[in-house]
Amino acid sequence: MSFKHLKKVFQLTAVASLVSLLAACSGGTSGGPAAAQADAAANSGSGSSVSPEGRVVLDYWTWWGSETRRPIIEKLVDDFNKSQDKIFVKHSYYPYSDIFTKELAAVSAGNPPDIMMNDINTVQQRASKNQAMNLSKYVERDKVQDRFFPELWNTVLYNGDPYALPFNTDTRMMFYNKDDFKEAGLDPDKFPDTWDELEQAAQKLDKKHGNTYTRIGYSPQFNSDWNLLQLNFDGGRNFFDESGKPVVNAPAKAEAMQYILDNAKRLGQKNIDAFKADFGSQQANPFLSGRVSIWTDVTNFYTQIRDYGDGINFGVAPLPETKEGAGHWSVGGGFVIEIPYGAKHPDEAWEFLKYMTDVEAQTYWAEKNFDNVANKEASNSSELMSNPVYKASVENLAHTKLTPNPLNAPDYMNLINPQRDAIMLGQTSIQDGLNKAQADVEKLVSGK
């Protein structure tokens with residue numbers, strides 16, 4: 001697909017870049033309802049043209065303070081405020097690095113925000129610690145569960161009860177340069193189906209000037225790593241099985257690590273590191289600059305191609321599978337919208353949660369941000385699905401796994417990552433490293 005074609009198809013999409021997802025401006029404070037009313041009346045909060053006078057004022061915390069995302073979230077807030085005369089929502093933004101600590105402190109002090117955006121993979125932790133409100137009575141009354149993709153809905157449940165509503169998600173896919181494929185004698189309309197086929201194609205895509213690579217076809221270390229491949233190689237299973245038992249040293253996970261090491265041996269780790277050292281700004285992205293032919297990323301990487309790709313002829317495809325029928329498994333993340341425990345106006349806050357996860361608001365968010373949204377109907381809107389990249393991303397959600405942190409081992413990755421790094425550095429063997437990680441995680445789970 002060409003950039004020009006996609007740009008015509010998706011004219012209504014506003015300029016947005018992937019890096020703006022976590023970008024935020026500092027500042028933005030909240031207080032009690034009186035402070036919120038004063039801020040809103042002065043138009044320093046959501047910028048709404050609607051007066052909060054006589055309404056219940058809600059404080060809504062996000063980290064979306066960037067010049068791209070803030071206008072979008074505040075347009076939604078303003079639309080809600082104009083849609084009725086009982087509730088007034090004020091948007092308060094904090095840097096991503098600070099907001100979660102501030103929110104926990106506010107909950108502990110008994111003065112939390114009324115509404116909070118939060119991480120989709122840690123809902124159970126907050127629910128178990130009384131940091132988020134049980135929404136069962138609202139969900140049962142208003143029958144909203146069927147709005148959402150089942151995989152996303154399951155992440156908000158703790159002991160069978162919902163403690164948040166899913167808001168958005170993402171999925172990793174393979175972007176590839178079709179012109180590079182043609183030049184290398186590969187079919188530009190057929191991405192490799194298996195990992196072995198991908199490695200064979202990558203070798204044809206490599207370019208060297210003397211002993212120096214001027215283009216690398218593919219490296220699983222470029223914007224990806226073993227944490228993604230191990231789930232794909234292991235049939236969509238992360239580091240715990242269905243019973244909660246750690247499976248860090250499963251054979252498929254060792255095979256994924258071997259694949260990465262074999263690729264590094266062929267290319268030379270120093271060459272891979274040299275390329276990675278040049279990764280930086282959007283304009284310097286190695287895929288956009290033509291130095292890498294295949295790039296793994298979440299699908300709103302498309303916005304970088306659109307804004308900085310200079311007409312690059314690209315395709316998008318699911319991650320390969322280990323063998324036919326094994327599955328093109330990918331990993332996703334995302335965010336939820338929830339009512340912190342102890343919030344003073346839960347009934348009114350719930351009305352805003354419903355609004356933000358209904359079709360109209362979710363469609364607007366998806367169009368402007370090129371995000372995958374949690375609402376199934378919005379996600380499948382004809383306007384969004386007319387963009388082939390967005391359509392591919394929605395289809396890929398069927399093969400995308402979220403990885404909620406287990407309650408009894410929320411910090412387990414701190415035990416796995418050091419062993420992963422030691423293997424990559426050649427300080428230990430694959431099996432010894434994974435066995436050590438397995439033993440460490442088992443100890444953490446047992447509490448001994």
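Author: Keep in mind that this model is predicted. The charged end of Lys 75 sits over the ring of Tyr 364, and the distance to the ring centre is 5.3 Å. A second case involves Lys 208. Its charged end sits over the ring of Tyr 213, 4.8 Å from the centre.

Now turn to rings that meet other rings. Two values describe such a pair: the distance of the centres and the angle of the planes. The count here comes to 34 aromatic pairs. Take Phe 240 and Tyr 412. Their centres are 5.0 Å apart, their planes make an angle of 85°, and the pair is edge-to-face. This pair links distant parts of the chain, 172 residues apart. Phe 240 is in the loop between α10 (226-233) and α11 (251-267). Tyr 412 is in the loop between β15 and α19 (413-424). Are these two residues buried or exposed? Both Phe 240 and Tyr 412 are buried.

Next comes Phe 370 with Tyr 390. This aromatic pair is also edge-to-face, with 5.4 Å from centre to centre and 80° between the planes. Phe 370 lies in the loop between α15 (359-369) and β14 (372-373), while Tyr 390 lies in helix α18 (residues 388-396), so the pair ties together parts that are 20 residues apart in sequence. Phe 370 and Tyr 390 are buried. Both rings belong to one aromatic cluster.

Go back to Phe 240, and look at the space beside it. The second largest pocket has a volume of about 760 Å³. It is lined by 23 residues, and Phe 240 is among the closest to its centre, together with Asp 241, Glu 242, Leu 402 and Pro 404. What kinds of residue make up the lining of this pocket? Seven are nonpolar, 11 are polar and five are charged.

Which elements supply at least two residues each to this lining? They are α7 (150-155) and β15 (400-402). The largest share, three residues, comes from α7.

Note on methods:
Residues numbered from 1 in each chain as written. Predicted model: local features only at pLDDT ≥ 70, side-chain atom pairs only at ≥ 80, totals over all residues. Heavy atoms only, no water. 1 Å grid on protein atoms, 1.4 Å probe; cavity = no way out; pocket = protein on both sides within 12 Å on 5 of 7 lines; lining within 4 Å. Points joined across faces, edges and corners; volume = space filled by probe spheres on them. Helix = DSSP H or I, 4+ residues; strand = E, 2+ residues; numbered from the N terminus. Nonpolar A, V, L, I, M, F, W, Y, C, P; charged D, E, K, R; others polar. Phe/Tyr/Trp six-rings, centres within 6.5 Å; stacked < 30°, edge-to-face > 60°. Buried < 20%, exposed > 50% of the residue type's maximum accessible area, 1.4 Å probe, protein only. Lys NZ or Arg CZ within 6 Å of the ring centre and 35° of its normal.
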